[in-house]
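Please keep the sequence and the structure in view while reading.

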Amino acid sequence: MIPELIKENIFLEDGQIISIETGKLACQANGTAVVRMGKTSLIATIVISKKEKEGINFLPLIIDYKENYSAGGKIPGGFIKREIRPSDEEVLTMRLIDRLFRPLFPQNFLKEIQIIIYLLSYDINVLPDGLAGLVASAAVSISGIPFKGPVSAVRIIRFKNSFLINPGIKSVKKSDINLIIGGTKNSILMIEGEMKEISENEIIYFIKIAHFFIKLQITAQINLIKNLKIKSNNLPVFNNLNFIYLKKKIKYIFYEKIYFLYKKASSIIRFQQMEILLLKINNYFLYDNIILNEDEQNYIFEILKKEIFREIIFKENHRLDGRSLDDLRKIWSKTNFLPSVHGSAIFSRGETQALSTVTLGSSLDVNKIDNVILQDQQKFYLHYNFPPFSTGEIKLLKGISRREIGHGNLAQRALKNIIPFKTPYTIRVVSDILESNGSSSMATVCASTLALMDAGIPIKRPVSGISMGLIINFLTDEAIILSDILGDEDNIGDMDFKMTGTKFGITACQMDINFPGSNYEMLLNSILKAKNCLLFLIKKILNTIQSPRFSFKENYPKIFYFEIKKKLIGTVIGSGGKIIQEIKTSTNTNLKIEEKENLGIIEIYGKTDKQIKNAILKIKNLIFFPKKEKLYKVKIKYIKNSELIIILPSGQTMDLKKSENFKNLNLSSFIRKGDWIKIKSVKKNGKINFKRII
């Protein structure tokens, strides 16, 4: 028997249709949905564990997103012909969904949740990541799990002065605004994207447009749920204990200690002492015959910390470290911090410190991307590293985390559009976080701007970055915006809004709101305050280095281009690439040859001018072929008996001993080493030879 398919359609203004389906596929999961737009199709499933996970105080939510190569009619490259490790693009999509969904589950829901999304079919005109939020929300809503949804997300771009929803990859590459925005029916929860120096009013305008389409998608989900007659599960209170009594008693006992730690202690000491306080909670309930398990302790303690934190902010109107709401932490920076690298800088803001380095490479060093969606070669890319010592912790170094990929991508987006388009170099920036207490990705943007200028890259303008926070008083609806947030302010606050830009406009942003109640005025005020911070930081950058260096450093690599005829490309490469490999090895250079129309463009990359010249000479020797009856002026290299060695214009040496014009002559009697003579090419027996012209 074929299962019944239940379906809802969303009709867009441009005539496209988005459909949501359920009931036919993956029926053993707790919830399953399929979303289609054009030929792009995604399936999302959710599975919930039957028991709560012990020993944790956070939502055990697992998000996995996988792009099947078959969806784009491709086979994975390399030796292993199957999908294994997630690509950076897949990881970024997982992070988007996690940030959108995590705030909407109850804080004390501790059952494991796994949401898996597959790209089943790919249409080049519809990118799938903008639809991933919709398909995941539909699956979660169908499952009946406690959830403050439905939610949805859309990708919106500006292309040829018009907006497009869920566009194709070609349009995205030509756009000047590229955002993925997620939210509920009443508020925006998540924003991520890049722009080419746009104003604050422009970004608000596009958020409003995106929210209109988000509402359409949420309405379709609500209709689907009604057709399925799904009821949401209620979340039980912890073991029917008197939650209010417990919280009041813990607050009475620990209030002053927690208050003191927030006001006076450093971040590391605060973390250590909070852990000690947490372990002591059960001792105070022995006479009540109440024993709290670890999850209950963590839950109540986290709520208490948030309450005390908010009281400090609202009552005293200043921060944990004594700053006012708008003050930035103390800043210092330095360029040329590592003199032996091509460019370097260190940027410190309070207890957050980033060391950025720039390395210049050839076109062989481009970051090659070849996945289901994208085939690209990035000449500029940025890598971000977050070692455990930056927060005073010990962890095994197990490879790059999703967080590192996400933060690196944000900083790369912030800077990519200020890199000169015609630079011959591949530019790799690496940011190592040496110390972290909030906003390390934004410190990366500032440090990387300084490092690029130190390397002599003629960037258009300096870019800076800042992270803004938000604290809500839910009793009065009063909202306080914090500039340059600390780690604790990020963890306990209600918003983390990262924004980067130049003096002319915004270049990238990433926003996460932890409560479903944001409004456009709140977003605009946050953007305006962030803009003032960015301008202040740009002045700090220019105080450190006024402009990009006028010349590269002494150790910078050299690149030389020259053209050859297309038919000579094979001569330079040789059978199986043997000749070009020999040139690279013997001259210690990197060579690349590209066909362009009827020419071969040769790129030579080396560390010294001598290496470049040696490679050029070898190539010219290979491709030199004298023209019949043409005169050449050549230099005598040396003479020995009847042997005459000359240097051709290409630099190639040639022995004229066998030429008939020089037989039976005492050459040293009328020419000397270093003399210049004229020779003429002649054809004899099908071969080119030379004769001397007196």
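Which residue's side chain meets that of R158 in a salt bridge? The partner is D176, with N and O 2.9 Å apart. The model discussed here is a predicted one.

## Overall composition

The protein chain contains 14 helices and 29 strands. It has 694 residues, of which 52% count as buried. Its accessible surface comes to about 34700 Å², and carbon and sulfur atoms account for 52% of that area.

Contacts between residues at least 6 apart in sequence were also examined. Of these, 69% join residues that are at least 24 apart.

Six strands form an open sheet with mixed pairing, in the order β1-β2-β3-β4-β6-β5. Its edge strands are β1 (6–11) and β5, each of which pairs on one side only. From one strand to the next, the twist averages 15°. Within this sheet, β3 (residues 31–37) and β4 (residues 40–52) run antiparallel and are joined by seven bridges. A33 stands opposite A44 of β4.

Helix α2 (residues 129–143) packs on the sheet and touches β1, β2 (17–22), β3, β4 and β6 (111–121). The direction of α2 makes about 150° with that of β3. Helix α4 (residues 200–228) lies across β1 and β2, and runs at about 160° to β1.

## Strand β7 and its two partners

Strand β7 (residues 152–159) is mostly covered, as eight of its eight residues are buried. In a regular strand, side chains alternate between the two faces of the sheet. Both faces of β7 are covered: S152, V154, I156 and R158 are buried on one side, and A153, R155, I157 and F159 are buried on the other.

Strands β7 and β9 (residues 177–183) run antiparallel and are joined by seven bridges. In this pairing, I156 has L179 of β9 as its bridge partner. Strand β7 also pairs with β8 (residues 162–165) in the antiparallel sense, over four bridges. There, the bridge partner of I157 is L164 in β8. The hairpin of β7 and β8 has two residues between the strands, and K160 takes a positive phi near 55° in it.

## Salt bridges

The chain has 27 salt bridges. One of them links the side chains of R402 and D64, at 3.2 Å from N to O. R402 lies in helix α8 (residues 402–416) and D64 in strand β5, so this pair ties together parts that are 338 residues apart in sequence. R402 is partly exposed because its relative accessible area is 35%. D64 is likewise partly exposed, with a relative accessible area of 23%.

The pair of R158 and D176 spans a separation of 18 residues in sequence, since R158 belongs to strand β7 and D176 to the loop between α3 (169–173) and β9. R158 counts as buried because its relative accessibility is 16%, under the 20% cut-off. D176 is partly exposed, at a relative accessible area of 25%.

R310 forms a salt bridge with D494, the closest N and O atoms lying 2.7 Å apart. R310 is in helix α7 (residues 294–316) and D494 is in the loop between α10 (487–492) and β20 (495–502), so the pair ties together parts 184 residues apart in sequence. R310 counts as buried at 14% relative accessibility, and D494 counts as buried at 4%. Salt bridges that share partners also join R99, E192, E194, R413, K416 and D512 into one network.

## Exposed and partly exposed sites

F79, I80 and I84 make a nonpolar surface patch of about 420 Å². F79 is located in the loop between β5 (61–67) and α1 (88–101). F79 counts as exposed because its relative accessibility is 87%.

E478 belongs to strand β19 (residues 478–483) and counts as partly exposed, at 41% relative accessibility. Leaving aside residues up to four places away in sequence, E478 touches F314, I471, I472 and N473. Between E478 and F314 the separation in sequence is 164 residues, while their C-alpha atoms are 9.1 Å apart in space.

Methods: Residues numbered from 1 in each chain as written. Predicted model: local features only at pLDDT ≥ 70, side-chain atom pairs only at ≥ 80, totals over all residues. Heavy atoms only, no water. Patch = residues over 30% accessible without salt bridge, like charges linked within 9 Å, V, L, I, M, F, W, Y side chains within 5 Å. Areas by Shrake-Rupley, 256 points an atom, 1.4 Å probe, with all protein chains shown as cover. Salt bridge = Lys/Arg side-chain N within 4 Å of Asp/Glu carboxyl O. Buried < 20%, exposed > 50% of the residue type's maximum accessible area, 1.4 Å probe, protein only. Contact = heavy atoms within 4.5 Å. Pairing = 2+ DSSP bridges. Axes fitted to C-alpha atoms, helices over the stretch in contact; angles between N-to-C directions.
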